[in-house]
Amino acid sequence: MRAKSELKVKNLEISQVVNSVETAVNNTLWVIERDLSHPDSIFAIEKRLVSQNKMMTGCGIGFVSNYYPDKGQWFEPYVEHLDDGTLEARQIGSESHDYLNSSWYLDAIAADSAIWTEPYLDNAGARELICTYAIPIHDSEKRIVGIMGVDISLNWM
C-alpha cells in the first residue's frame, strides 16, 4: 500500500511538471514566431522562459538549415541552468552537433505538432539524462522554420 501511495504521489509530481512545461512553452511560442525577423532576440526569450521555470534544464531552438544565412547552416541558440543557479547562453549547433538529424528535431517536424521524447543523454545542451518537449515554430506563412526544445532533467525523479 505504501509503495502504491508513493507511486501515485510521484505520478502527480510528474504530471504537474509536464503540464507546467507544456503551458509555459505554448504561452511563449507566439513571441518567438512574432520575433523571427530578429534572431538576436531569441536568447533573451529563452532566458526569460528558463529563468521563470526552474524545472527546465535548458531551452534551445534548432532552426532549419540556413534559415538565417548569416548564422550559418546550424543555428541552435541554447540557454541552460547551471549548477550555481545562473543561466548560460550559447550557440550549440555545429557539424559536430548536427541537430538537423536528431530524433527530437525530426520527430517534431514529421508530426508538425508538439512531442515528448524518450529519455536520452544530451551531450551538447544539458549534458545529462533528459526528456525534451519539442514543438515546431512556424513563420507567417505557416511553414516550419525551426523546432523549440525544452529539456527536463531526469535527475529529480
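Predicted model: local features only at pLDDT ≥ 70, side-chain atom pairs only at ≥ 80, totals over all residues.
Reader: How many disulfides does the count come to?

Author: A disulfide here requires two cysteine sulfur atoms within 2.5 Å. The sulfur of Cys 131 lies 16 Å from the closest cysteine sulfur, that of Cys 59, which is too far for a bond. Cys 59 is accordingly in no disulfide, and the count comes to zero.

Reader: Is Cys 131 buried or exposed, by its relative accessibility?

Author: A residue counts as buried when its relative accessible area is under 20%. For Cys 59 the value is 0%, and this cysteine is buried. Cys 131 has a relative accessibility of 14%, so this residue, too, falls under the cut-off and counts as buried.

Reader: Which element gives the most residues to the largest nonpolar core?

Author: The largest nonpolar core has 26 residues, and Val 25, Met 148 and Val 150 are those with the most contacts inside it. Two or more residues come from each of helix H1 (2-34), helix H2 (42-51), strand E1 (56-63), strand E6 (128-138) and strand E7 (144-153). With seven residues, the element that gives the most to this core is H1.

Reader: Which residues is Val 25 in contact with, leaving aside its neighbours within four places in sequence?

Author: Val 25 is among the residues with the most contacts inside the largest core, together with Met 148 and Val 150. Once its neighbours within four places in sequence are left aside, the contacts of Val 25 are Leu 49, Met 56, Tyr 133, Ile 135, Met 148 and Val 150.

Definitions and conventions:
Residues numbered from 1 in each chain as written. Heavy atoms only, no water. Buried < 20%, exposed > 50% of the residue type's maximum accessible area, 1.4 Å probe, protein only. Core = buried A, V, L, I, M, F, W, Y, C linked by side-chain atoms within 4.5 Å. Helix = DSSP H or I, 4+ residues; strand = E, 2+ residues; numbered from the N terminus. Contact = heavy atoms within 4.5 Å.
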